[in-house]
Amino acid sequence: MTSLQAAPRLSLRLAPCEPRGRMLPPWRLVLSPSSCRLYTLISRQLPICNAQSYADDLLVASAQSTTTARSRLIAAEREEAKAVLSLFLRQKGLRSAVAARIANKSDGFVEHLISKLQIAYRSRYAEGRELSTPEIRDALLPYLEALSKEHGDSLVEVVENFPDPFAAERESLSYSMILTPTSSNKQKAVARVSTPTSEGALPELVLYLLDLGMDHEEIKNVVRKFPAFAYYNVDRKIKPLVELLLELGVQRSSIPGIIRKRPQLCGISLTDNLKPMMSYMENIGVNQAQWSKVICRFPAFLTYSRAKVEITVSYLTELGVSKENIGKILTRCPHLMSYSVNDNLRPTAEYFRSIGADAASLIQKCPQAFGLNVESKLKPITQFFLDREFSIEEIGIMVNRFGIIHTLSLQENLLPKYEYFLTLGYPRNELVKFPQYFGYSLELRIKPRYARMTGCGVRLILNQMLSISDTRFEEILQKKSGGF
């Protein structure tokens with residue numbers, strides 16, 4: 001009876017009992033598909049009332065066992081969901097301990113993830129089948145990614161306070177607004193910063209930002225861009241960030257611009273994210289004294305995950321940039337952090353190497369060039385010079401000497417300046433020696449200097465004509481023209 005002993009784990013429902021001594025037809029049992037073969041065997045081998053009595057016992061045991069098994073299953077799935085949530089938060093740059101703490105204390109959100117699993121695998125649940133770890137990850141990670149894109153740096157707040165992510169900051173926020181980006185969500189958020197309170201005053205957030213130097217329409221535009229901003233608590237979110245920026249040397253007048261550009265910065269935890277990220281950046285060479293300039297140039301710099309920063313730093317090291325210079329690059333051009341390694345940095349470096357340029361040196365001189373598209377921007381510039389009979393080797397030399405040459409406009413810069421160069425009577429290799437020519441203003445520098453030089457009957461090399469100061473330029477002209 002080995003097969004019968006396993007029966008209490010299964011569920012069934014019996015039709016009303018037939019008279020004693022008859023055999024119960026197998027189709028009178030209402031079975032789950034997985035139980036069919038076993039209970040067909042019971043009905044064929046036992047007299048009906050014996051079968052009924054035994055099946056009743058099985059039914060009671062089955063209900064108890066099923067409840068216990070289901071509880072164990074949900075408990076296991078809950079732990080799996082926490083593990084997936086912790087993994088996702090680590091991928092977004094949180095430290096392992098912080099990610100684990102958030103996952104363990106966010107019971108409401110974890111239960112929400114379980115409901116997502118039940119929806120995604122409805123048929124599996126009906127059959128009582130356990131989900132595998134890959135199946136749980138496949139269902140939850142895309143959903144978490146969608147939430148991350150919607151809420152940005154406020155995702156942790158949503159997770160920790162689910163289903164009421166801004167409970168401390170608001171009076172009411174619909175469930176749909178939490179999870180679904182809609183135009184009505186923006187309208188509600190804008191209404192929140194537009195409508196006076198019952199006492200007739202503007203909301204505290206608006207009053208604080210007005211005092212900070214923003215106007216009301218700017219505040220509304222920020223909320224339209226990032227609706228969650230309307231629910232940020234002034235004392236817990238906005239003021240601490242403003243105080244930190246002031247401590248770093250940011251001018252108070254510059255703070256509204258930072259908020260306009262990156263309101264998500266206000267939603268980042270100072271203790272769990274912002275300050276640890278700053279310490280990490282300083283350890284890789286970002287100048288501590290330059291934080292105010294870095295943040296003003298690119299407020300999004302501190303909103304990138306630790307994982308994203310490490311990927312970029314790792315690639316720069318692979319490229320041959322020293323740790324000290326990595327810090328200098330990020331201090332001078334924090335926008336570099338927004339470039340994808342695979343979509344921007346790597347293909348751009350490979351292209352510059354293909355034309356003979358030193359990619360490691362170039363990214364230190366002109367990091368902004370690595371955000372350019374190879375096909376639509378870099379290759380047309382190279383082709384421009386090839387069409388004018390410069391060799392690929394000469395182009396590589398020009399790039400090494402004047403790294404921003406590929407960032408210049410073809411129509412507004414290179415073409416008119418090259419055409420004017422042809423009228424100057426200089427040999428073409430003067431541009432190879434001094435490609436910085438293309439960096440000077442045609443109307444304000446090149447033409448006036450050339451006219452002054454020729455007017456004195458003097459011939460200077462291109463570099464000397466353009467690069468020296470006005471005073472030195474006049475001294476050389478007078479000396480060469482016999483003025484001394």
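Does H216 count as buried, partly exposed or exposed, and what is its relative accessibility?

At 22% relative accessibility, H216 counts as partly exposed (buried is under 20% relative accessible area, exposed over 50%, partly exposed in between, with a 1.4 Å probe and protein chains only). This is a predicted model, in which local features need pLDDT of at least 70 and side-chain atom pairs count only at pLDDT 80 or more, while totals for chains, interfaces and linings use all residues. Residues are numbered from 1 along each chain as its sequence is written, and side-chain values use heavy atoms, with hydrogens and water left out.

H216 belongs to helix α12 (residues 216-225); helices are DSSP runs of H or I with at least four residues, numbered from the N terminus. Apart from neighbours within four places in sequence, H216 is in contact (heavy atoms within 4.5 Å) with V193, S194, L202, V206 and L210. A polar atom of the H216 side chain lies 2.7 Å from the backbone oxygen of V193.

## E394 in helix α22

E394 is located in helix α22 (residues 392-401). A polar atom of the E394 side chain lies 2.9 Å from the backbone nitrogen of S391. Not counting residues up to four places away in sequence, E394 touches E389, R428 and V432.

## Contact of α21 with α23

P380, I381, F384 and F385 in α21 meet L410, L414, L415 and Y418 in α23.

Methods. Helix = DSSP H or I, 4+ residues; strand = E, 2+ residues; numbered from the N terminus. Polar contact = N/O pair within 3.5 Å; in protein donor to acceptor, adjacent residues only side chain to side chain.
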